[in-house]
Amino acid sequence: AAPYDGSRLKPAAYQGGDFQYEAPSGLKLELADMLQFENRTSNTFQSNTMLTSHPAGAAGVPSEVYVPGGGSITTDGFFYARAGYAPKDRNYTVNGSLYNVSDIASIWWFDGRYAFSQRGWRPFLAMQGGVEYNSGASVIGKIDSSVIGVRVGVHPSARWAVDLSGESIPWRTATVTLPAPVRCNNANYQISAGGRVYPGTTFPYFLPVNAGQCFTNPNGTTTVYYGGWASPYTDSYSSDPLFTTQISQGMADRRAPGSSLRASATYTSANKRVVFIAGDAWFDYGNQLVGQITNEWTLDATYRFNPVTSDRYRGWFFRYRYAQRSQTNTFCGVPGTSCAPGAAPGSTYLGGLPIFKYNRAQLEYDF
(Lines give C-alpha, C1' and ligand atoms only; values in the text may rest on other atoms or scores of the structure.)
Protein backbone atom coordinates (compact mmCIF):
# COMPACT_ATOMS: atom_id res chain seq x y z
CA ALA A 1 0.00 0.00 0.00
CA ALA A 2 2.90 2.35 0.63
CA PRO A 3 6.06 0.79 -0.80
CA TYR A 4 9.35 2.43 -1.65
CA ASP A 5 8.84 3.25 -5.33
CA GLY A 6 12.09 2.83 -7.27
CA SER A 7 10.56 2.48 -10.72
CA ARG A 8 11.74 5.95 -11.79
CA LEU A 9 14.83 8.08 -11.30
CA LYS A 10 13.04 10.01 -8.56
CA PRO A 11 11.26 7.68 -6.12
CA ALA A 12 8.22 8.49 -4.04
CA ALA A 13 9.11 9.37 -0.43
CA TYR A 14 7.50 9.60 3.01
CA GLN A 15 8.12 11.84 6.00
CA GLY A 16 7.66 10.42 9.47
CA GLY A 17 9.07 7.85 11.86
CA ASP A 18 9.82 4.15 11.41
CA PHE A 19 10.88 1.66 14.09
CA GLN A 20 12.10 -1.86 13.25
CA TYR A 21 13.21 -4.75 15.46
CA GLU A 22 14.61 -8.12 14.41
CA ALA A 23 15.19 -10.94 16.89
CA PRO A 24 17.76 -13.74 16.38
CA SER A 25 14.85 -16.17 16.08
CA GLY A 26 13.70 -14.49 12.88
CA LEU A 27 10.85 -12.49 14.40
CA LYS A 28 10.54 -9.05 12.80
CA LEU A 29 8.46 -6.15 14.12
CA GLU A 30 7.89 -2.76 12.55
CA LEU A 31 5.88 0.32 13.50
CA ALA A 32 5.67 3.44 11.35
CA ASP A 33 3.78 6.72 11.43
CA MET A 34 4.14 8.69 8.22
CA LEU A 35 2.78 12.23 8.23
CA GLN A 36 3.35 13.43 4.68
CA PHE A 37 3.99 12.08 1.18
CA GLU A 38 6.11 13.32 -1.73
CA ASN A 39 5.09 11.83 -5.07
CA ARG A 40 7.70 11.42 -7.80
CA THR A 41 6.58 14.54 -9.74
CA SER A 42 6.68 16.80 -6.67
CA ASN A 43 9.55 18.48 -4.84
CA THR A 44 7.73 18.97 -1.53
CA PHE A 45 6.13 16.78 1.11
CA GLN A 46 2.36 17.21 1.25
CA SER A 47 -0.59 16.02 3.35
CA ASN A 48 -2.32 14.03 0.61
CA THR A 49 -2.10 10.83 -1.44
CA MET A 50 -2.31 9.70 -5.06
CA LEU A 51 -6.09 9.37 -4.58
CA THR A 52 -6.60 12.78 -2.96
CA SER A 53 -4.45 15.01 -5.19
CA HIS A 54 -3.76 15.63 -8.87
CA PRO A 55 -0.12 14.65 -9.49
CA ALA A 56 1.19 14.87 -13.03
CA GLY A 57 0.73 11.68 -15.04
CA ALA A 58 -1.74 10.15 -12.58
CA ALA A 59 -5.51 9.69 -12.45
CA GLY A 60 -5.71 11.51 -9.12
CA VAL A 61 -8.95 12.23 -7.28
CA PRO A 62 -11.77 9.96 -8.53
CA SER A 63 -14.02 11.76 -11.01
CA GLU A 64 -17.12 11.07 -8.89
CA VAL A 65 -15.65 13.04 -5.94
CA TYR A 66 -16.25 16.80 -5.81
CA VAL A 67 -13.46 18.97 -4.39
CA PRO A 68 -14.17 22.71 -4.05
CA GLY A 69 -11.83 24.59 -6.36
CA GLY A 70 -10.64 21.36 -7.92
CA GLY A 71 -7.69 21.08 -5.55
CA SER A 72 -6.44 18.34 -3.25
CA ILE A 73 -8.03 16.74 -0.19
CA THR A 74 -5.93 17.05 2.95
CA THR A 75 -5.26 13.83 4.88
CA ASP A 76 -2.91 13.09 7.77
CA GLY A 77 -0.74 10.28 6.41
CA PHE A 78 -0.88 6.71 7.64
CA PHE A 79 -0.03 4.38 10.49
CA TYR A 80 1.61 1.03 9.70
CA ALA A 81 2.32 -2.06 11.81
CA ARG A 82 3.91 -5.31 10.66
CA ALA A 83 4.85 -8.60 12.31
CA GLY A 84 6.91 -11.10 10.34
CA TYR A 85 8.71 -14.37 10.86
CA ALA A 86 11.67 -15.50 8.73
CA PRO A 87 13.80 -18.09 10.57
CA LYS A 88 17.25 -18.40 9.05
CA ASP A 89 17.31 -22.20 9.20
CA ARG A 90 13.91 -22.61 7.54
CA ASN A 91 12.67 -22.15 3.99
CA TYR A 92 9.64 -19.94 4.57
CA THR A 93 8.64 -16.38 5.49
CA VAL A 94 5.29 -14.96 6.68
CA ASN A 95 4.14 -11.39 7.31
CA GLY A 96 1.00 -9.74 8.63
CA SER A 97 0.42 -5.99 8.28
CA LEU A 98 -2.06 -3.27 9.19
CA TYR A 99 -2.35 0.05 7.38
CA ASN A 100 -4.59 2.83 8.61
CA VAL A 101 -4.60 5.53 5.93
CA SER A 102 -6.13 8.61 7.51
CA ASP A 103 -9.73 9.32 6.40
CA ILE A 104 -9.44 6.88 3.47
CA ALA A 105 -9.10 3.20 4.37
CA SER A 106 -7.98 0.53 6.79
CA ILE A 107 -6.09 -2.42 5.28
CA TRP A 108 -5.24 -5.84 6.72
CA TRP A 109 -2.60 -7.58 4.62
CA PHE A 110 -0.70 -10.87 4.70
CA ASP A 111 1.99 -12.44 2.54
CA GLY A 112 4.16 -15.52 2.70
CA ARG A 113 6.60 -17.60 0.68
CA TYR A 114 7.66 -21.24 0.89
CA ALA A 115 10.62 -22.75 -0.97
CA PHE A 116 10.17 -26.47 -1.53
CA SER A 117 13.87 -27.04 -2.23
CA GLN A 118 17.10 -25.07 -2.57
CA ARG A 119 18.40 -27.55 -5.14
CA GLY A 120 17.53 -28.42 -8.71
CA TRP A 121 14.69 -26.32 -10.07
CA ARG A 122 14.12 -24.67 -6.65
CA PRO A 123 10.31 -24.55 -6.86
CA PHE A 124 8.50 -22.05 -4.63
CA LEU A 125 4.99 -20.98 -3.69
CA ALA A 126 4.05 -17.44 -2.63
CA MET A 127 0.70 -16.13 -1.43
CA GLN A 128 -0.71 -12.72 -0.58
CA GLY A 129 -4.07 -11.26 0.29
CA GLY A 130 -5.96 -8.71 2.28
CA VAL A 131 -9.16 -6.88 3.05
CA GLU A 132 -9.81 -3.14 2.85
CA TYR A 133 -12.58 -0.88 4.14
CA ASN A 134 -13.19 2.85 4.11
CA SER A 135 -12.47 4.59 7.41
CA GLY A 136 -12.61 7.98 9.11
CA ALA A 137 -14.15 10.68 6.92
CA SER A 138 -14.07 8.28 3.90
CA VAL A 139 -13.11 11.15 1.59
CA ILE A 140 -13.01 9.00 -1.57
CA GLY A 141 -16.18 7.07 -0.77
CA LYS A 142 -17.19 3.58 0.25
CA ILE A 143 -14.44 0.96 -0.07
CA ASP A 144 -15.18 -2.72 0.43
CA SER A 145 -12.53 -4.90 -1.18
CA SER A 146 -10.67 -8.15 -0.74
CA VAL A 147 -7.89 -9.73 -2.78
CA ILE A 148 -6.13 -13.09 -2.90
CA GLY A 149 -3.05 -13.84 -4.97
CA VAL A 150 -0.86 -16.86 -5.69
CA ARG A 151 2.53 -17.17 -7.40
CA VAL A 152 4.39 -20.35 -8.29
CA GLY A 153 7.82 -20.47 -9.84
CA VAL A 154 10.88 -22.53 -10.69
CA HIS A 155 14.49 -22.01 -11.73
CA PRO A 156 15.11 -24.30 -14.74
CA SER A 157 18.79 -23.36 -14.62
CA ALA A 158 21.16 -21.08 -12.75
CA ARG A 159 20.41 -18.33 -15.28
CA TRP A 160 16.65 -18.63 -15.71
CA ALA A 161 13.61 -18.11 -13.46
CA VAL A 162 10.01 -18.69 -14.57
CA ASP A 163 6.84 -17.93 -12.63
CA LEU A 164 3.05 -17.85 -13.01
CA SER A 165 0.83 -15.58 -10.89
CA GLY A 166 -2.87 -15.01 -10.40
CA GLU A 167 -4.99 -12.47 -8.49
CA SER A 168 -8.71 -12.28 -7.74
CA ILE A 169 -10.76 -9.32 -6.45
CA PRO A 170 -14.51 -10.05 -6.23
CA TRP A 171 -17.12 -7.54 -7.42
CA ARG A 172 -19.46 -5.90 -4.90
CA THR A 173 -22.92 -4.51 -5.70
CA ALA A 174 -25.32 -2.15 -3.95
CA THR A 175 -28.81 -1.07 -4.98
CA VAL A 176 -29.37 2.63 -4.23
CA THR A 177 -31.51 5.59 -5.20
CA LEU A 178 -29.23 8.14 -6.86
CA PRO A 179 -29.40 11.68 -5.48
CA ALA A 180 -30.08 14.36 -8.10
CA PRO A 181 -28.34 15.28 -10.34
CA VAL A 182 -26.20 12.11 -10.20
CA ARG A 183 -27.28 9.68 -12.91
CA CYS A 184 -26.39 6.34 -14.45
CA ASN A 185 -26.02 6.12 -18.22
CA ASN A 186 -27.28 2.69 -19.28
CA ALA A 187 -25.69 3.19 -22.72
CA ASN A 188 -22.20 2.79 -21.29
CA TYR A 189 -22.90 1.76 -17.66
CA GLN A 190 -21.10 4.80 -16.21
CA ILE A 191 -21.95 7.05 -13.26
CA SER A 192 -22.05 10.80 -13.98
CA ALA A 193 -21.27 12.73 -10.81
CA GLY A 194 -18.73 14.90 -9.09
CA GLY A 195 -16.76 18.03 -9.87
CA ARG A 196 -15.85 17.05 -13.44
CA VAL A 197 -19.50 16.51 -14.44
CA TYR A 198 -21.82 18.12 -11.90
CA PRO A 199 -19.91 20.56 -9.66
CA GLY A 200 -20.99 20.37 -6.05
CA THR A 201 -22.04 16.70 -6.03
CA THR A 202 -20.19 13.59 -4.88
CA PHE A 203 -21.19 9.98 -5.35
CA PRO A 204 -19.74 8.22 -2.28
CA TYR A 205 -18.47 4.95 -3.80
CA PHE A 206 -14.95 4.07 -4.96
CA LEU A 207 -15.73 3.12 -8.58
CA PRO A 208 -13.77 1.15 -11.19
CA VAL A 209 -12.11 2.87 -14.16
CA ASN A 210 -12.96 1.80 -17.74
CA ALA A 211 -15.32 -0.94 -16.51
CA GLY A 212 -19.06 -1.29 -15.92
CA GLN A 213 -20.13 0.85 -12.94
CA CYS A 214 -23.94 0.91 -12.81
CA PHE A 215 -27.34 -0.04 -14.23
CA THR A 216 -30.67 1.77 -13.83
CA ASN A 217 -33.36 -0.74 -12.88
CA PRO A 218 -36.97 -0.56 -14.17
CA ASN A 219 -38.17 0.56 -10.72
CA GLY A 220 -35.90 3.60 -10.79
CA THR A 221 -33.22 2.32 -8.42
CA THR A 222 -29.63 1.88 -9.53
CA THR A 223 -27.36 -1.11 -9.01
CA VAL A 224 -23.80 0.05 -8.41
CA TYR A 225 -20.81 -2.18 -9.19
CA TYR A 226 -17.67 -1.53 -7.15
CA GLY A 227 -15.16 -3.35 -4.90
CA GLY A 228 -11.80 -2.41 -6.44
CA TRP A 229 -8.64 -2.15 -4.34
CA ALA A 230 -7.83 1.44 -3.35
CA SER A 231 -4.06 1.97 -3.15
CA PRO A 232 -3.53 5.56 -1.91
CA TYR A 233 0.25 5.69 -2.34
CA THR A 234 0.75 3.68 -5.55
CA ASP A 235 -2.32 4.50 -7.67
CA SER A 236 -1.28 5.14 -11.31
CA TYR A 237 2.35 4.25 -10.47
CA SER A 238 2.18 0.49 -11.15
CA SER A 239 4.26 -0.09 -8.02
CA ASP A 240 1.76 -1.90 -5.79
CA PRO A 241 2.71 -5.37 -4.46
CA LEU A 242 0.08 -7.35 -6.42
CA PHE A 243 1.76 -10.24 -8.25
CA THR A 244 0.21 -9.49 -11.66
CA THR A 245 1.03 -5.76 -11.87
CA GLN A 246 2.84 -4.90 -15.10
CA ILE A 247 5.02 -1.95 -16.16
CA SER A 248 2.20 0.41 -17.15
CA GLN A 249 -0.79 -0.85 -15.14
CA GLY A 250 -2.21 -3.34 -12.67
CA MET A 251 -5.50 -4.08 -10.93
CA ALA A 252 -4.97 -1.42 -8.25
CA ASP A 253 -4.36 1.23 -10.93
CA ARG A 254 -7.67 0.37 -12.62
CA ARG A 255 -9.49 0.53 -9.24
CA ALA A 256 -11.51 -2.41 -10.56
CA PRO A 257 -12.42 -5.87 -9.28
CA GLY A 258 -11.87 -8.91 -11.49
CA SER A 259 -9.21 -11.53 -12.03
CA SER A 260 -5.77 -11.53 -13.59
CA LEU A 261 -3.04 -13.93 -14.68
CA ARG A 262 0.62 -13.19 -15.39
CA ALA A 263 3.47 -15.31 -16.77
CA SER A 264 7.05 -14.08 -16.70
CA ALA A 265 10.60 -15.28 -17.35
CA THR A 266 13.83 -13.74 -16.08
CA TYR A 267 17.36 -14.26 -17.45
CA THR A 268 20.44 -13.24 -15.45
CA SER A 269 23.89 -13.55 -17.02
CA ALA A 270 26.66 -15.45 -15.27
CA ASN A 271 28.41 -12.21 -14.25
CA LYS A 272 25.04 -10.66 -13.20
CA ARG A 273 25.62 -7.64 -15.41
CA VAL A 274 22.71 -8.44 -17.75
CA VAL A 275 19.13 -8.99 -16.54
CA PHE A 276 16.25 -9.51 -18.98
CA ILE A 277 12.58 -9.93 -17.98
CA ALA A 278 9.66 -10.76 -20.27
CA GLY A 279 6.10 -10.76 -18.96
CA ASP A 280 2.60 -11.22 -20.31
CA ALA A 281 -0.54 -10.52 -18.25
CA TRP A 282 -4.29 -10.82 -18.84
CA PHE A 283 -6.85 -8.85 -16.81
CA ASP A 284 -10.58 -9.60 -16.80
CA TYR A 285 -12.56 -6.61 -15.49
CA GLY A 286 -15.89 -7.83 -16.86
CA ASN A 287 -19.04 -8.01 -14.73
CA GLN A 288 -22.74 -8.73 -15.29
CA LEU A 289 -23.07 -5.45 -17.17
CA VAL A 290 -20.32 -5.65 -19.77
CA GLY A 291 -17.11 -7.50 -20.60
CA GLN A 292 -13.71 -5.84 -20.36
CA ILE A 293 -10.45 -7.64 -21.15
CA THR A 294 -7.05 -5.98 -20.87
CA ASN A 295 -3.74 -7.51 -21.96
CA GLU A 296 -0.24 -6.17 -21.42
CA TRP A 297 3.06 -7.70 -22.47
CA THR A 298 6.36 -6.21 -21.36
CA LEU A 299 10.10 -6.38 -21.94
CA ASP A 300 12.60 -5.15 -19.35
CA ALA A 301 16.39 -5.19 -19.89
CA THR A 302 19.18 -3.96 -17.61
CA TYR A 303 22.93 -3.72 -18.33
CA ARG A 304 25.44 -2.87 -15.58
CA PHE A 305 28.68 -1.32 -16.81
CA ASN A 306 30.77 -2.35 -13.79
CA PRO A 307 31.37 -5.82 -12.33
CA VAL A 308 28.77 -6.93 -9.77
CA THR A 309 30.69 -7.82 -6.62
CA SER A 310 27.96 -7.66 -3.95
CA ASP A 311 24.20 -7.48 -3.49
CA ARG A 312 24.39 -3.69 -3.60
CA TYR A 313 25.61 -2.54 -7.01
CA ARG A 314 27.68 0.63 -7.41
CA GLY A 315 28.28 2.29 -10.74
CA TRP A 316 26.48 3.05 -13.99
CA PHE A 317 23.68 0.96 -15.40
CA PHE A 318 21.29 1.29 -18.35
CA ARG A 319 17.72 0.03 -18.22
CA TYR A 320 15.15 -0.08 -21.02
CA ARG A 321 11.50 -1.08 -20.62
CA TYR A 322 8.75 -1.53 -23.20
CA ALA A 323 5.06 -2.22 -22.60
CA GLN A 324 2.14 -2.73 -24.97
CA ARG A 325 -1.36 -2.71 -23.51
CA SER A 326 -4.69 -3.37 -25.26
CA GLN A 327 -8.26 -3.03 -23.96
CA THR A 328 -11.65 -4.14 -25.27
CA ASN A 329 -14.88 -2.12 -25.34
CA THR A 330 -13.10 1.24 -25.20
CA PHE A 331 -15.18 2.67 -28.06
CA CYS A 332 -18.24 1.48 -29.95
CA GLY A 333 -18.95 1.56 -33.65
CA VAL A 334 -15.33 1.18 -34.77
CA PRO A 335 -13.92 -1.98 -36.41
CA GLY A 336 -13.81 -4.89 -34.01
CA THR A 337 -16.17 -3.37 -31.43
CA SER A 338 -19.90 -3.38 -30.78
CA CYS A 339 -22.24 -0.81 -29.24
CA ALA A 340 -24.33 -1.19 -26.11
CA PRO A 341 -28.09 -0.65 -26.56
CA GLY A 342 -28.69 3.09 -26.98
CA ALA A 343 -25.04 4.00 -27.56
CA ALA A 344 -24.32 6.03 -30.68
CA PRO A 345 -21.69 4.64 -33.09
CA GLY A 346 -18.39 6.41 -32.63
CA SER A 347 -19.11 7.33 -29.01
CA THR A 348 -16.98 6.47 -26.04
CA TYR A 349 -18.07 3.17 -24.52
CA LEU A 350 -16.12 2.28 -21.36
CA GLY A 351 -13.36 4.79 -22.04
CA GLY A 352 -9.62 4.23 -22.20
CA LEU A 353 -7.35 3.55 -25.16
CA PRO A 354 -7.78 0.51 -27.45
CA ILE A 355 -4.00 0.17 -27.56
CA PHE A 356 -1.25 1.86 -25.59
CA LYS A 357 2.50 1.57 -26.27
CA TYR A 358 5.06 2.74 -23.78
CA ASN A 359 8.86 2.71 -23.52
CA ARG A 360 11.20 4.03 -20.87
CA ALA A 361 14.99 4.42 -21.05
CA GLN A 362 16.93 5.00 -17.85
CA LEU A 363 20.63 5.75 -17.29
CA GLU A 364 21.58 5.81 -13.62
CA TYR A 365 24.62 5.87 -11.38
CA ASP A 366 24.35 4.22 -7.95
CA PHE A 367 26.74 5.34 -5.24
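Two strands pair if DSSP finds at least two bridges between them. Helices (H or I, at least four residues) and strands (E, at least two) are DSSP runs, numbered from the N terminus.

This is a predicted model, in which local features need pLDDT of at least 70, side-chain atom pairs count only at pLDDT 80 or more, and totals for chains, interfaces and linings use all residues. Residues are numbered from 1 along each chain as its sequence is written, and side-chain values use heavy atoms, with hydrogens and water left out.

**Stop 1**

Select β4 and β5. They pair in the antiparallel sense over 10 bridges.

Go to L98 in β4. A81 stands opposite L98. W108 in β5 stands opposite L98 too.

Next, look at the turns. The hairpin of β3 and β4 has 6 residues between the strands. The hairpin of β4 and β5 has 3 residues between the strands, and D103 there takes a positive phi near 60°. While you are here, check side-chain directions. In a regular strand the side chains alternate between the two faces of the sheet.

**Stop 2: the nonpolar cores**

A nonpolar core is a set of buried Ala, Val, Leu, Ile, Met, Phe, Trp, Tyr and Cys residues joined through side-chain atoms within 4.5 Å. Buried means under 20% relative accessible area, exposed over 50%, and partly exposed in between (1.4 Å probe, protein chains only).

Select F78, I140 and I143. These have the most contacts inside the largest nonpolar core, which has 31 residues. Colour the elements that give two or more residues to this core: β2 (27–38), β3 (78–85), β4 (92–101), β5 (105–115), α1 (251–254) and β15 (274–284).

Return to I140. Which residues is I140 in contact with, leaving aside neighbours within four places in sequence? Contact means heavy atoms within 4.5 Å. Show L51, T52, P62, V65, I104, Y205, F206 and A230 to see the set around I140.

**Stop 3: the salt bridges**

A salt bridge is a side-chain nitrogen of Lys or Arg within 4 Å of a carboxyl oxygen of Asp or Glu. How many salt bridges does a search of the whole structure find? It finds 5. Three of them are worth a visit.

Select R172 and D144. Their closest N and O atoms are 3.6 Å apart. R172 lies in β9 (172–176) and D144 in β7 (144–154), so the pair ties together parts that are 28 residues apart in sequence. R172 is partly exposed because its relative accessibility is 23%.

Move to R255 and D235. Here the closest N and O atoms are 2.8 Å apart. R255 is in the loop between α1 and β14 (258–268), D235 is in the loop between β13 and α1, and the two are 20 residues apart.

Finish with D300 and R319. Their side chains meet at 2.6 Å, N to O. D300 sits in β16 (293–304) and R319 in β17, 19 residues apart. D300 counts as buried at 8% relative accessibility, whereas R319 counts as partly exposed at 22%.

**Stop 4**

Select S248 in the loop between β13 (222–226) and α1. S248 is buried, with a relative accessible area of 17%. Not counting residues up to four places away in sequence, S248 touches S238, E296, A323, R325 and F356.

Step to Q249, in the loop between β13 and α1. Q249 is buried, with a relative accessible area of 11%. Beyond its neighbours within four places in sequence, Q249 is in contact with residues including S238, E296 and R325. Now draw a C-alpha distance from Q249 to Y358. The two are 11 Å apart in space and 109 residues apart in sequence.

**Stop 4: a nonpolar surface patch**

Show V274, Y303, F305, W316, F318, Y320, L363, Y365 and F367. Together they make a nonpolar surface patch of about 910 Å². Patches are made of residues with over 30% relative accessible area and no salt bridge: like charges are joined within 9 Å, nonpolar side chains (Val, Leu, Ile, Met, Phe, Trp, Tyr) within 5 Å. Accessible areas come from the Shrake-Rupley method with a 1.4 Å probe; for residues, only the protein chains shown count as cover.

Which strand gives the largest share of the patch? β17 does, with 3 residues. β17 (315–327) and β18 (355–366) each supply at least two. End on V274, in strand β15. V274 counts as partly exposed, at 31% relative accessibility.
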